[in-house]
Amino acid sequence: MAGMVEGKVAVVTGAARGIGRAAAILFAREGADVLVSDVLDEEGEKTAELVRAEGRKASYVHCDTSDETQVAAQMSLAADKFGRLDCLVNNAGIEGHIAPIIEGDTEQFDRLTAINLRGVWLCIKHAVPHMLRIGHGGAIVNLSSLAGHVGYAGLAPYVMSKHGVNGITKVAAIEYSKDGIRTNSVSPGCIQTDMIDKLAEALGAPSAAEALAPLHPIGRLGTVEEVAEAIVWLCSDRASNVTGAQLNVDGGFVAQ
């Protein structure tokens, strides 16, 4: 039985661990070849190995998504190596530091927005021409957050960046859906990852589960595999009429 993305080629940024790794593996399990992108080389190479273990082709590329030269090279590599580029998952991101707005550090702000927002814009900018050239259409999934829908004290730069991700998602959908390129975002709630563990630690909580799970009506943290399912589905033809959407995988957080 053919997988959801059989025969497609996906670029997944921030794929060395967490949601990105889970998405890369699920893409392979559902029939796609994957270009694994990150700045964590050892873990990124491991993700590529895990993709190949699913019986699909994979390569790892070191790419800082805030660097336009590296992003352009990454997209060209995917199209040249695999012959096409069908799916882009903009997952690379950082959480930044917790501080009130008036205590925020400008250098840290610039670094966070360079990765979380400019990086998404750059990846779309350089992936879409390859999708247009090859002529198969395509699908883009941008990783937003529950912080792309609500405010969160102490996380102004992160919240701003994720609201921006939802904004560019809508614009890309409007501009390229006529060419068969669908663009959507996925907004995870608190997912059990290293990033959430760091957030809990910064809040002075013993664990992410204790501090953050009660904030979700579902009563627990989500898993990276649950988010990956949403990402791969949005990239599949099963979501052929879905574009410009913000899909919450957040255990009901934003519904409150």
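Contact here means heavy atoms within 4.5 Å. By that criterion, among contacts between residues at least 6 apart in sequence, 72% join residues at least 24 apart.

The model is predicted, so to speak, throughout: local features need pLDDT of at least 70, side-chain atom pairs count only at pLDDT 80 or more, and totals for chains, interfaces and linings use all residues. Residues are numbered from 1 along each chain as its sequence is written, and side-chain values use heavy atoms, with hydrogens and water left out.

**Whole chain**

Begin with the complete protein, coloured by secondary structure. Eight helices and seven strands are present, taken as DSSP runs (helices: H or I, at least four residues; strands: E, at least two) and numbered from the N terminus. Along the principal axes, the C-alpha atoms fill a box of roughly 50 × 35 × 35 Å.

Of the 256 residues, 50% count as buried (under 20% relative accessible area; exposed is over 50%, partly exposed in between; 1.4 Å probe, protein chains only).

**Largest nonpolar core**

Next, select Phe27, Leu143, Val186 and Ile231, the residues with the most contacts inside the largest nonpolar core, which has 35 residues. Such a core is a set of buried Ala, Val, Leu, Ile, Met, Phe, Trp, Tyr and Cys residues joined through side-chain atoms within 4.5 Å. Elements that each supply at least two of its residues include strand S1 (9-12), helix H1 (18-29), strand S5 (138-143) and helix H8 (224-235). The largest share, eight residues, comes from H8.

Centre the view on Ile231. Leaving aside residues up to four places away in sequence, Ile231 touches Ile19, Ala23, Phe27, Val89, Val141, Leu143 and Val186.

Apart from this core lies another, of 22 residues, among them Val61, Leu85, Leu88 and Ala127.

**Two further stops**

Move to helix H7 (residues 208-212) and select Leu212. Is Leu212 buried or exposed? Leu212 is buried, with a relative accessible area of 2%. A C-alpha to C-alpha distance drawn from Leu212 to Leu85 spans 37 Å, across 127 residues of sequence.

Finally, select Trp121 in helix H4 (residues 106-134). Trp121 is partly exposed, at 43% relative accessible area. The C-alpha atoms of Trp121 and Ser66 lie 9.3 Å apart, with a sequence separation of 55 residues.
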